Amino acid sequence: MSDDLTDFTAEIADQIESFVVAVTEVAKGEEPGAAVSMLLLEVSQLMLAGGRLGAIADVVPDERFEPDSGPDPDVDALRGDLSELLEPIDVYYEVFDPYVPRPKPVAFRISDDMADVVTDLMHGLAHHRAGRTTEALWWWQFSYLANWGATASAVLRALQAVVAHARLDAAVGDGVEAAVDDALGNELADQLAEQLDDAVVLGGPPQKG
């Protein structure tokens, strides 16, 4: 790996580690009123790293087969904490593929998506910490194009929409739930809950009827 690419990989690793640490801290719920804004900032910065990964030439790993990086991290606690913290706005609707029309909207959960992104990123961090820098860079680039790039982009749009509603439609109260109630209104919140029955929910365990 060239010196330039080594430096590039180190910068990406720093950005990714910073994101993982920040999301973990937000999920603790110590500042619920700032959770959406902080996640919006962190996901925006992560997408900058993703854009840089997508802009460089394809990274070719050193080995034909990916070395074992150990077990994937357990993100169930993170998923659960985010789900509880973001409960009023956790479910959002997104076009699964903008080039493939769908008859119904697809519902996603921010908590599931954030946990999935963190899992992808930490898989690459495991390679990086083990000294397999080319493998780490390859994984981050591949998984950005195949999974976490689209997932993080969708989450970013959802978070930006919440902030836009809160800033443009109404005054924001204390905490996430108050902000969403003020921004979206109880009627819309009820409509979103009802629409879950007609939407395809992706990510996370099946919902109990």
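Trp138, Trp139 and Phe142 come together as one aromatic cluster. Here, rings of Phe, Tyr and Trp (its six-membered ring) pair if their centres lie within 6.5 Å, with planes under 30 degrees apart counted as stacked, over 60 as edge-to-face and the rest as tilted. The model is predicted, so local features need pLDDT of at least 70 and side-chain atom pairs pLDDT 80 or more, while totals for chains, interfaces and linings use all residues. Residues are numbered from 1 along each chain as its sequence is written, and side-chain values use heavy atoms, leaving out hydrogens and water.

By the ring rule, the count is 5 aromatic pairs. One of them is the stacked pair of Tyr92 and Phe108, at 5.8 Å centre to centre with 25° between the planes. Because Tyr92 belongs to strand E1 (residues 91-94) and Phe108 to strand E2 (residues 106-109), this pair ties together parts 16 residues apart in sequence. Tyr92 is buried at 7% relative accessibility, and Phe108 is buried at 11% (buried means under 20% relative accessible area, with a 1.4 Å probe and protein chains only).

Turning to the helices, H2 (residues 35-55) has 21 residues and reaches 30 Å from its first C-alpha to its last, close to the 30 Å expected (1.5 Å times one less than the number of residues). Its buried residues include Val36, Leu40 and Met47. Helix H1 (residues 3-27) packs against H2 at about 160°, the axes being 10 Å apart. H1 is therefore roughly antiparallel to H2 (an angle over 145 degrees).

Note on methods:
Helix = DSSP H or I, 4+ residues; strand = E, 2+ residues; numbered from the N terminus. Buried < 20%, exposed > 50% of the residue type's maximum accessible area, 1.4 Å probe, protein only. Axes fitted to C-alpha atoms, helices over the stretch in contact; angles between N-to-C directions. Parallel < 35°, antiparallel > 145°, perpendicular 65-115°, else oblique.
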